[in-house]
Amino acid sequence: MSISKVIRERRSIKKDYKPDAVPEELVLELLNDAVYAPNHGLREPWRFLFISTESKETFIERMLPVYAPEQRETRRQLFSEPAAFLVVIMKEDPRQKQWEEDFSATCAMIQNFQLLAWERGLGVVWKTNPHNWDPKAHQVMGVQPGEKIVGFLHLGFFEPESTPKAGPRTPAENKFTRFA
């Protein structure tokens, strides 16, 4: 499959995951290619927390108290949909230039992961939910002071026939200018 085809056809898979477990070996294989994202000074500012299919229920039970009682059942349902999670955590640099370089590199690495996963039939949706910033959730996930959750990736295998259709994209020509 060509790179342009993978880029154009990749979709965020938000629901209707198969019950199949996501093998840790597959996640590591994809990450070992994804980390070839461009990153300034080869700082590799990321680290990963994998919540396997087998440990998902324990994770959900530990995360529910982070939410107000009236939100917990909705959160339980949302956390129960994917087969596994991959949390991408970035070390925050206090220098603005380096922070932005590291954040950009981490985002590029996540995009690499999504494209590689798509090629292997693994669905991913990149979430930025309120718990990404919640100190109580950080404690549950072992996120340390000076670290930031860049992506909470929901993972699961899916039926190709059920993938969402592509939304419209604005042609680059419509946003293109030339310096004169």
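Trainee: How many nonpolar, polar and charged residues are in the lining of the largest pocket?
Mentor: Two are nonpolar, three polar and five charged. Asp, Glu, Lys and Arg count as charged, Ala, Val, Leu, Ile, Met, Phe, Trp, Tyr, Cys and Pro as nonpolar, and the rest, including Gly, as polar. The model is predicted, so local features need pLDDT of at least 70 and side-chain atom pairs pLDDT 80 or more, while totals for chains, interfaces and linings use all residues. Numbering starts from 1 along each chain as its sequence is written, and side-chain values use heavy atoms, without hydrogens or water.

Trainee: Which residues line the largest pocket?
Mentor: Ile 7, Arg 8, Arg 10, Arg 11 and Ser 12 are among them. Gln 111, Lys 165, Ala 166, Gly 167 and Arg 169 are also in the lining. A pocket is an open set of points on a 1 Å grid over the protein atoms alone, where a 1.4 Å probe fits, with protein on both sides within 12 Å along at least five of seven lines; lining residues have an atom within 4 Å of a point.

Trainee: New topic. How many helices and strands are there?
Mentor: Six helices and four strands, taken as DSSP runs numbered from the N terminus (H or I, at least four residues; E, at least two). Along the sequence the pattern reads α-α-β-α-α-β-α-β-α-β.

Trainee: In what order do the strands sit in the sheet?
Mentor: E1-E2-E4-E3, in an open sheet with antiparallel pairing; strands pair if DSSP finds at least two bridges between them.

Trainee: Which strands are at the edges?
Mentor: E1 (46-51) and E3 (122-127). Each has a single partner strand, so one side of each has no neighbour in the sheet.

Trainee: How many bridges join E2 to E4?
Mentor: Eight, between residues 84-91 of E2 and residues 147-157 of E4. In one of these pairings Leu 86 has Leu 153 in E4 as its bridge partner.

Trainee: Which strands does helix H5 lie across?
Mentor: H5 (residues 96-119) lies across E1, E2, E3 and E4, at about 5° to E4. Helix H2 (residues 24-34) also lies across E1, E2, E3 and E4, running at about 160° to E1. Contact means heavy atoms within 4.5 Å, and angles run from 0 to 180 degrees between N-to-C directions of axes fitted to C-alpha atoms, for helices over the stretch in contact.
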